[in-house]
Amino acid sequence: MDNTILKPNGVPDPDALYSELEARIEASGRTFDIGRIRAAYEMAKRAHEGQNRRDGSPYVTHCVYAADIALDMGLDEDSIVATLLHDIIEDTALTHEDIAREFGSTVADLVEGVTKLTRVQYTSKEDEQMENMRKMLLAMAKDIRVILIKIADRLHNMRTMAYQSPEKQRIKSLETMEIYAPLAHRLGMQRAKWELEDLALQYLDPTGYKEIMDTIEAKMPQLDQFMETTKEKIESGMKAEGISCTVQHRIKHIYSIYRKMYSQKVDLSGVFDLCAFRVIVDSIQDCYNALGILHYMFKPVPGRFKDYISTPKPNMYQSVHTTVIGTEGIPFEVQIRTWDMHYTAEYGVAAHWKYKMGDAVGSVRSGDEDKFAWIRRLLETQQESDAGDFIHDLKVDMFADEVFVFSPKGDVINLPNGATPIDFAYSIHSDIGNHMIGAVVNGRIVNLNYILQNGDIVEIRTSKSAPGPNRDWLNIAKSGSARTKIKQWFKRERRDENIIRGREMLESEFKHNGMSLDLLSDEAVYSPLLSKLSLQTVDDLYACVGYGGITATRAAHRLRDEALHLGTSDRKTAIDKMTEAAERREQQAKREQHAINGVLVEGIDNCLVKFSRCCMPVPGDPIVGFITRGQGVSIHRKDCRNYLNQSAGDNEARWIKVSWASQISNSYVTTFTIAARDRNGLVLDIATILNALNAKVRTLSARTVSPGEALVVVTLEVKSATDLKYIISRIASVPGVTNVTRAGG
Ligand code: MN
């Protein structure tokens with residue numbers, strides 16, 4: 001829109017401004033439904049009623065200006081409508097539904113997409129973070145038009161940035177430079193990119209910007225004359241060789257001069273090509289012909305020739321570049337391209353709405369594999385279908401297998417699609433994962449199997465006393481690295497468990513044999529055994545006993561033999577004690593029946609005792625024994641269904657009296673089932689309580705049995721029925737839990 005007619009520092013009348021837009025739409029010759037666009041304007045005007053921009057103009061004028069930029073970019077009707085409405089969800093009471101009702105879900109989705117991008121918190125970071133941020137915006141957008149509308153919005157905001165506070169100018173300019181200009185570049189939209197960069201530079205380095213502007217201004221009469229004569233020279237040269245062409249000239253955009261000054265550490269007089277020329281021809285053949293003519297007319301600067309026609313840039317850019325020296329001794333750059341290439345260079349991905357693509361598409365396709373394969377695929381689709389389908393298909397799918405989320409500090413974390421808070425936690429640090437007790441996404445507690453969405457803000461709750469990863473996590477985690485870290489934990493953690501168990505077993509074996517525990521810290525005693533077993537440390541030995549690499553009895557005997565063999569006095573004392581204790585123990589054993597696994601079986605010594613899997617009794621439960629065929633005595637609870645059902649009849653005689661021994665040091669495995677109303681965080685709450693009670697949970701599995709109803713099965717080790725009762729009573733108090741039952745009861 002012509003800014004001389006619509007002065008942004010006056011207060012433009014919205015309706016007059018909008019009529020201007022309508023006129024421009026009609027002049028563009030595109031077949032838009034003007035009624036629909038006007039309805040969008042009316043809705044925006046009503047919704048933003050009473051809101052003003054910083055310059056005092058009614059807010060809706062921003063929407064009209066942005067829509068005008070979108071029109072100039074060549075966007076389609078839905079995009080123009082959505083641009084008029086783009087701030088409605090963010091800044092007014094109207095919702096997605098309101099927009100969808102009036103303009104359809106496509107427009108509503110576009111507006112919502114822009115709103116989402118607007119809400120992304122920007123913080124300046126290192127380059128890699130910026131690239132992730134850009135990718136995330138692209139991925140969040142889902143529909144590429146959301147990004148294009150956002151760029152139009154940003155462009156107008158940058159054009160009117162003068163009215164903002166210095167702080168806001170700085171932040172928005174940095175964001176423009178780091179996010180939006182690179183996005184425009186990636187989408188091949190050179191015009192938008194240049195303008196965004198120049199506007200941003202104006203606020204980021206006002207002095208540098210002014211220096212360049214002043215110099216250009218001072219040189220302008222000279223440059224103008226030079227450009228005019230050179231242009232005519234090129235035109236007549238081409239004409240003489242029968243090539244029809246259009247020659248354009250311009251001063252290079254400020255930021256590109258600025259960058260050259262700083263990257264090549266030259267001052268402005270050393271930046272030799274301030275002006276650039278463009279020769280636009282009808283065919284690729286003519287591009288190369290024109291190049292030859294140009295090199296014949298002017299002296300080329302060696303090493304400055306680049307052929308982006310045979311090798312297009314990743315953003316589809318195609319042209320031949322060369323720098324030559326004019327008769328005045330001034331070097332200048334020339335870009336040679338076809339019209340198709342020209343539109344693609346100016347408008348990038350948006351060029352596909354604005355102009356029909358010809359040969360350029362084919363030549364892009366023959367290029368190397370690049371990041372823009374998705375655009376090529378879309379272009380191929382375009383050739384086989386009409387424009388409507390093309391727009392529909394133009395979804396950003398290049399990050400389909402990735403998801404981008406924020407840490408609470410604003411870092412963007414890139415995870416595989418389908419990733420969960422578990423993946424997130426382990427991607428930050430193994431320790432975070434291993435100590436995770438819960439996750440909060442966008443301020444709400446979620447289950448650990450929640451599938452992360454683009455733009456989610458993820459916070460991991462940890463606790464020093466967290467029980468560590470659960471085996472289920474291996475199925476929930478999506479990323480290989482998280483799974484590897486969980487497996488490592490189990491391996492290491494099992495080792496810790498094994499060490500503890502092995503030490504307990506060995507110590508109890510020592511006690512049984514009356515051996516002094518000092519032997520376990522006597523290197524002369526244990527080192528022969530270690531080397532025999534190829535172990536490094538005593539902990540290794542414990543671990544070995546713990547997982548059954550050597551039995552405790554055998555290890556104790558070996559150590560005793562070694563001690564006897566060495567036979568020092570200390571050791572002798574230890575061995576004497578050992579012998580005494582062994583005798584005492586034998587006598588005790590004679591007095592009392594054997595307790596096996598903490599259970600006394602009446603009338604039978606030394607029989608095999610095992611605990612039934614159906615009811616899993618623990619010390620304190622009333623119990624009864626069943627003589628199995630060949631597998632010793634199986635211990636059941638007296639309230640076990642199997643006992644109640646079979647205690648009479650054929651098997652009556654096989655049930656025998658058993659009781660718990662008076663001293664029990666082991667813990668016992670048992671299971672209970674929790675019925676609950678399904679809700680977010682249920683399993684987490686249960687796990688947290690179990691953890692708080694220091695329960696030794698072996699497994700915990702949850703499933704939904706019917707809509708809204710969940711069953712959680714917990715298998716754990718306890719020392720007594722009293723402990724178990726307490727744990728169950730605490731679980732029963734978790735909100736939503738309706739019932740807790742022990743197995744077999
Ligand atoms: Mn806006």
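Me: Is H11 mostly covered or mostly open?

Reply: Mostly covered: 11 of the 15 residues in H11 are buried. Keep in mind that this is a predicted model.

Me: Which residues of H11 are buried?

Reply: The buried ones are Gln-190, Ala-192, Lys-193, Trp-194, Leu-196, Glu-197, Asp-198, Leu-199, Ala-200, Leu-201 and Tyr-203.

Me: And how far does H11 reach from end to end?

Reply: H11 covers residues 190-204 and reaches 20 Å from its first C-alpha to its last. That is close to the 21 Å expected at 1.5 Å a residue.

Me: OK, switching to Glu-509. Where does Glu-509 sit?

Reply: Glu-509 is in helix H23, which spans residues 480-512.

Me: Why does Glu-509 count as buried?

Reply: Because its relative accessibility is 15%, and buried means under 20%.

Me: What does Glu-509 touch?

Reply: Leaving out residues up to four places away in sequence, Glu-509 touches Ala-552, Thr-553 and Ala-556.

Me: New topic, the four-stranded sheet with E19 in it. What's the strand order?

Reply: The order is E19-E20-E18-E21, in an open sheet with antiparallel pairing. The edges are E19 (696-706) and E21 (737-742), and each of these pairs on one side only. On average, neighbouring strands of the sheet are turned by 20° against each other, ignoring direction.

Me: How many bridges join E19 to E20?

Reply: Nine, and the two strands run antiparallel. E20 is residues 709-718. As for a facing pair, Val-697 stands opposite Leu-716 in E20.

Me: At what angle do H29 and H30 pack?

Reply: At about 145°, with the axes 10 Å apart. The crossing of H29 and H30 is right-handed.

Me: Which residues meet there, between H29 and H30?

Reply: From H29 there are Ile-686, Ile-689 and Leu-690, and they meet Ile-727, Arg-730 and Ile-731 of H30.

Me: And how does that contact between H29 and H30 split by class?

Reply: Five residues are nonpolar, one is charged and none is polar.

Note on methods. Residues numbered from 1 in each chain as written. Predicted model: local features only at pLDDT ≥ 70, side-chain atom pairs only at ≥ 80, totals over all residues. Heavy atoms only, no water. Buried < 20%, exposed > 50% of the residue type's maximum accessible area, 1.4 Å probe, protein only. Contact = heavy atoms within 4.5 Å. Pairing = 2+ DSSP bridges. Axes fitted to C-alpha atoms, helices over the stretch in contact; angles between N-to-C directions. Expected span 1.5 Å × (residues − 1). Left-handed = near helix turned anticlockwise from the far one by under 90°. Nonpolar A, V, L, I, M, F, W, Y, C, P; charged D, E, K, R; others polar.
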